[in-house]
Amino acid sequence: MATRGNVIPFDRRRTRRQIPVVWRDAADGRYDRQSLIAWWDQERLRAARVVVVGAGALGNELLKLLALTGVGSLVVVDFDSIARSNLSRTVLFRDDDVGMPKALVAAERAGAINPDVRVVPVEGDVGRDLGLGALRQADVVLAGLDSVNARFHLNRRCLLAGVPWLNVGISETQFQVTRYVPGSGSCYECTFSEATLRRFRERYSCTGLMRRTPDRAQPTTAVTASIAAGFAVHDALRLLHDPSTGLAPGHRLTCLLDGPHQTVDELPRNEACAAHEPAAVPSLRLDRGPAELSAAEVARASGRRGAGAVALGWDLVEAFRCPGCGREALVGRPKATVYEDELRCPACGAERQVDIAMELGPWSPFWDRPLAQLGVADREILRVVDADGAGGAWVEIGGDDPWHPRGGRR
Amino acid sequence: MSTGTMALQVRTANRDRKAEIEVDDTVQVGELLDAARSNWALSPDYEYIVRCERLQRQLRPTDSLAAAGVVAGDVIEIQQISDAGSAPRR
């Protein structure tokens, strides 16, 4: 073979014969194509736990993609039922589903996409009905919500749980995906403006009770929802593989489909943000759930000699008092489930005053009441506060674990 | 540090509207946003933020343009916040 200097001419026939490369035959496994991606780790995804909040247009698409890619454990949270107007944007819903709970139907249909994936529905509000102990076990939360208020509460819960979340929002032909990571970069509340606060307060009366406000029907399409969910799930997959990849903490991707134009911006972190609290790390776990435990029992079980009260993490409406006829009615419901029109006294028609508690102590009429009756979720983490207010401890209560359901969960 | 008046380009993120402006750098980001919303009659149904193209950063409404790091010649975008997601309830 002729050579020039140190250069050895490339002999294609020789190379083909001698390089010991064995190309794997194309297999037909469910995940073979995506496993060809260099950074992909199907086992990591199989072990992953992801919460999807909202089972509307975005939630449907998020669940579809997470199920297809084989993310092993999914929890979907939604309190709403399916309306006919949902059907143009919700790939998992059918005409016969109208009136059914969104979370239940979405979980069933997403689970049917891939038998390797377990999808557990939680019919309720993410601010209260998915226990903080369950939320802490998630690797990431994906939010396809439609209100500032729901995002506000989710942000607070994720900060307490120490879990990153992706906020996805859509409008006509634009979408945004923002990655929030507790302790790093901006949180959702850091960028609250006066306009955001106004919209937040629209949902509440002067007494802080819920207003029955008509929902704004926002213009959007299945196309925008689908593309937005695609970007969000891609970012979630990057985060699950390596949190240093994908969107940086406190950064927002904005994509305008017409153009198209795409930007990624850093959001300003507010060091004085009221939401920035240390994560709730339980120092004690109780086997009994909220149906079997009262606040008094949680305080006693905490073993703290100075335990004086139990903070629920949200406001409880304890009672209505009527200044007109003097009647008092015990309520015992989360404030977020009590509407301002309930203030009207059924006996005399006067507007009643409302007693709201953030903590339950021996002075409360609900101190010995099972926590489930007050709206406390399974696996919630409660703060036991010392009587002198100087200290306290986080206690996780038991109950159903959505990541290990016993015969499913409704 | 204030350097006085500067020239900026302000536009909507969807590029429907744009304007060359001269503005004092002590003007707050929120004031600039209010002026743009008013001048272009942007929809009151949406919330908007202000971003700087060069800095690739959302600007705080309470910061002055100078404090936000905006300099002469910058392109400032008024960006709509997308916050739909779940289908509207009945």
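In this predicted model, the contact between the two chains draws 39 residues from chain A and 21 residues from chain B. On the side of chain A that touches chain B, the elements giving two or more residues are α4, β5 (165–170), β6 (174–180), α8, β7 (251–256) and β8 (261–266) of chain A, and the greatest contribution comes from β8(A), with four residues. Sorted by class, that side of chain A holds 14 nonpolar, 18 polar and seven charged residues.

Two packed helices are described by the angle between their axes and the distance between the axes. The table sets out these values for two pairs of helices.

| Helix pair | Angle between axes | Distance between axes |
|---|---|---|
| α4(A) (57–69) and α5(A) (102–113) | about 30° | 8 Å |
| α7(A) (148–161) and α8(A) (194–201) | roughly 100° | within 8 Å |

Because angles under 35 degrees count as roughly parallel, α4(A) and α5(A) are described as roughly parallel to each other, and their crossing is right-handed. In this contact Gly59(A), Asn60(A), Leu63(A), Lys64(A), Ala67(A) and Leu68(A) of α4(A) meet Ala106(A), Ala110(A) and Ile113(A) of α5(A), and the residues involved divide into six nonpolar, two polar and one charged.

The pair α7(A) and α8(A), by contrast, is roughly perpendicular. Here Val148(A), Asn149(A) and Phe152(A) of α7(A) make the contact with Thr196(A), Arg199(A) and Phe200(A) of α8(A), and these residues comprise three nonpolar, two polar and one charged.

Why is β7(A) said to be largely enclosed by the rest of the structure? Six of the six residues of β7(A) are buried, and the strand is therefore largely enclosed. Both of its faces are covered, with His251(A), Leu253(A) and Cys255(A) buried on one side and Arg252(A), Thr254(A) and Leu256(A) buried on the other.

β7(A) pairs with β6(A) in the antiparallel sense over six bridges, and it also pairs with β8(A) in the antiparallel sense over six bridges. Thr254(A) of β7(A) is the bridge partner of Gln176(A), and Thr254(A) also stands opposite Thr263(A) in β8(A).

The strands β7(A) and β8(A) form a hairpin with four residues between them, and Gly259(A) in the turn has a positive phi of about 130°. Gly259(A) is joined to Pro260(A) by a cis peptide bond, with omega about -20°, and Pro260(A) lies in the loop between β7 and β8 of chain A.

**Loop residues in both chains**

Most residues other than glycine have a negative phi, and most peptide bonds are trans. In chain B, Arg15(B) has a positive phi near 65° although it is a residue other than glycine; Arg15(B) is placed in the loop between β1 (5–12) and β2 (18–24) of chain B, and it is exposed, with 12 other C-beta atoms within 10 Å. Gln56(B), likewise not a glycine, has a positive phi of about 50°; Gln56(B) sits in the loop between β3 (48–52) and β4 (57–58) of chain B and is exposed, with 12 other C-beta atoms within 10 Å.

In chain A, Glu202(A) belongs to the loop between α8 and α9 (222–241), and with 13 C-beta neighbours inside 10 Å it counts as partly exposed. The C-alpha atoms of Glu202(A) and Arg212(A), which are ten residues apart along the chain, are separated by 9.9 Å.

Conventions
Residues numbered from 1 in each chain as written. Chains lettered and ligands numbered in written order. Predicted model: local features only at pLDDT ≥ 70, side-chain atom pairs only at ≥ 80, totals over all residues. Axes fitted to C-alpha atoms, helices over the stretch in contact; angles between N-to-C directions. Parallel < 35°, antiparallel > 145°, perpendicular 65-115°, else oblique. Left-handed = near helix turned anticlockwise from the far one by under 90°. Contact = placed C-beta atoms within 7 Å. Nonpolar A, V, L, I, M, F, W, Y, C, P; charged D, E, K, R; others polar. Buried ≥ 20, exposed ≤ 12 C-beta atoms within 10 Å, placed from the backbone. Pairing = 2+ DSSP bridges.
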